[in-house]
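Reader: I would like to go through the ligand site and the backbone of this model. Please show the structure before we start.

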Amino acid sequence: MCGIIGIIGTSEVTERLVDGLKRLEYRGYDSSGIAVLKGGVLNRARAEGKIKALEARLAEKHVDGSIGIAHTRWATHGVPNKTNAHPHISGRAAVVHNGIIENFIELREALSKTRKFETETDTEVIAHLVDDALNAGLSPIDAFSQSLKKLRGAYALSLIIDGQDDTMFIARSGSPLAIGLGEGETYAGSDAMALAQLSNRLIYLEEGDWAVLTKDSYHIFDENDVPAERPISIISGGPAMAEKGNYRHFMLKEIYEQPETIGRTLSNYIDEFRVKADLPDALSFSHIDRIIIVACGTASYAAMVAKYWFEQYAGLAVDIDIASEFRYRKPVLMKNSLFIAVSQSGETADTLAALRYCKQAGIKTAALVNVMTSTMAREADIALPINAGPEIGVASTKAFTSQLTALAALTLAAGRARKTLNADMETELAQALIQTPRLVSEALKLDPKIEAMSDDLSKHSSAFYLGRGPHVPIAFEGALKLKEISYIHAEGYAAGELKHGPIALIEDGTPVIVIAPMDELFEKTISNLQEVASRGAHILLITDKEGAAFAEAFAHELLILPTSHAFTAPIIMSIAMQLLAYHAAVHLGTDVDQPRNLAKSVTVE
Ligand code: G6P
């Protein structure tokens, strides 16, 4: 969601704040703004649209200072325009906020008796509360901490006060926030990415924490206002990881990184010498009767593929749910279950709430995440990394294939522990996983062919993606990718289910992408392909060599991906889904890395 950065030091901060905002733009890009203090005087610059609009505004009229806060917005309350852009100022207080203040209407009504509101946002109440408290004679620290007590909802916020250019106030409840430590400077940021150029020594605030920062000190308090110590994390990776290199888009760079990123995931979970799954000791499947996997968006499709794997290879019952439904459904939880949250960011609000729900119910929890400093990684009993490196493109690609890879390795460990896989079978499947990076490299060589195919796809307003078995979620993911970045309407469907309704939508020329590598369901999928072909659909068959030999005649266009073991085929098929959507979007000229209305990390429910 929204991104926050703050700097308090001695030299000017505007340029570095704007640079930090660019790194955070993946969290939201409806509008942006900064507020700075120079000689104790508050100045602000804001603009609707992307960060470059803010830069243009600053070029016209520069504001600077030795302390400042900045924000890039993903609108929740109030349309994206300059007035609703953060920072919000009331009297002496300027604030940036990520999250939702749930009781803002009530607070706004009370404050409106004496104060004038300028925006439609929930955030503005925070500035009014603090300013009101300052006017009542409270010290800045008391005005801030007492205002926090009145807020309900989720927030990460950073606040500065006119006349007070040696202090910044920050707080976290529900949305992540970190302090960065510098030499004679202190920073605040939504995540390590925001502070990548500034510091690799971060302190993550815990739920309910708030802090007072000066240029060379920080004081953290917990939710009961008791001084608290939080560990310093040293962040590796550095700023270079967030650069596009020679690629036109981050998404393309991330698609091409997959042989390496899948390899990195594998090295964590597969012992390539013994050709066996190699999992953290804390994760044991021997006493588990059921797995609950909860996620949102692309991560939920990785979870759905894993359900097929755990059931087939480990004989383990799996419940899959999207987090926004799970958390409010009062799910019945069985003892001896293992809960797994799957999340690239480790911060998605609904997934985090589902994890907390299960933890509170005494269920063992694991978090499969890309960001190991994230809230989920810190709160779950077991944190499982995917090691895909920073993913900047809003549409997830390399995180998806790494999630699949890690879940596949967990399946092997579960199969071994539950004795559904003997040693030979485990070796065969581990071998298939070890070959995945090479097969993904081969699949990437089909890029020019996929680009040519996407040209025709981009001319349609609607498309279907069909698959069976573990390729049903891959069809969902293919359709999601196309929707997200090209804005073409697409539906993923179980091939056998289409005739129960959606087949009515098939007309002459409707593109239908059929994902069907040769496996035990192949013939059934090809029958479904013929059902739509005979009703005029334009068929794009994505298969392997053996499948092509059998079904070439039934397709208008054919894409032959490298032959893999049936176990790992969903990972290979994903590459075609990603490239097809990417090129269709490029043909249409959309903003691939920052598609409209979307945000990378959804920290509101
Ligand atoms: C957003 C992103 C998706 C992502 C989903 C879940 O909707 O745009 O790409 O799949 O959130 O995010 P997570 O970080 O939990 O995997």
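Author: One definition comes before the rest: Ala, Val, Leu, Ile, Met, Phe, Trp, Tyr, Cys and Pro count as nonpolar, Asp, Glu, Lys and Arg as charged, and the others, Gly among them, as polar. The model is predicted.

Reader: How many charged residues does the shell around the ligand have?

Author: The ligand is surrounded by 13 residues. By class, five of the shell residues are nonpolar and seven are polar, and the number of charged residues is one.

Reader: Which helix gives the largest share of the shell around the ligand?

Author: Domain 2 (247-434) and domain 3 (437-605) each supply at least three residues to the shell. The largest share, three residues, comes from helix α8 (residues 297-314).

Reader: What percentage of the ligand's accessible area does the protein cover?

Author: S343 places a polar side-chain atom 2.6 Å from an oxygen atom of the ligand, and a polar side-chain atom of S345 also lies 2.6 Å from a ligand oxygen. For Q344, a polar backbone atom is 2.7 Å from an oxygen atom of the ligand. Of the 390 Å² of accessible area that the ligand has on its own, the protein covers 90%.

Reader: Which peptide bond is cis?

Author: Most peptide bonds are trans. P87 is in the loop between β4 (67-73) and β5 (88-90). With omega near -5°, the cis bond is the one from H86 to P87.

Reader: Where is K330 placed?

Author: Most residues other than glycine have a negative phi. K330 is not a glycine, yet its phi is positive, about 50°. Its place is in the loop between α9 (323-326) and β20 (337-343).

Definitions and conventions:
Residues are numbered from 1 along each chain as its sequence is written. This is a predicted model: local features need pLDDT of at least 70, side-chain atom pairs count only at pLDDT 80 or more; totals for chains, interfaces and linings use all residues. Side-chain values use heavy atoms; hydrogens and water are left out. A residue is near a molecule or strand if one of its heavy atoms lies within 4 Å of it. A polar contact is a pair of N or O atoms within 3.5 Å; within protein, one must be able to donate a hydrogen and the other to accept it, and residues adjacent in sequence count only if both atoms are side-chain atoms. Accessible areas come from the Shrake-Rupley method with a 1.4 Å probe; for residues, only the protein chains shown count as cover. Helices (H or I, at least four residues) and strands (E, at least two) are DSSP runs, numbered from the N terminus. Domain bounds come from an automatic or database domain assignment.
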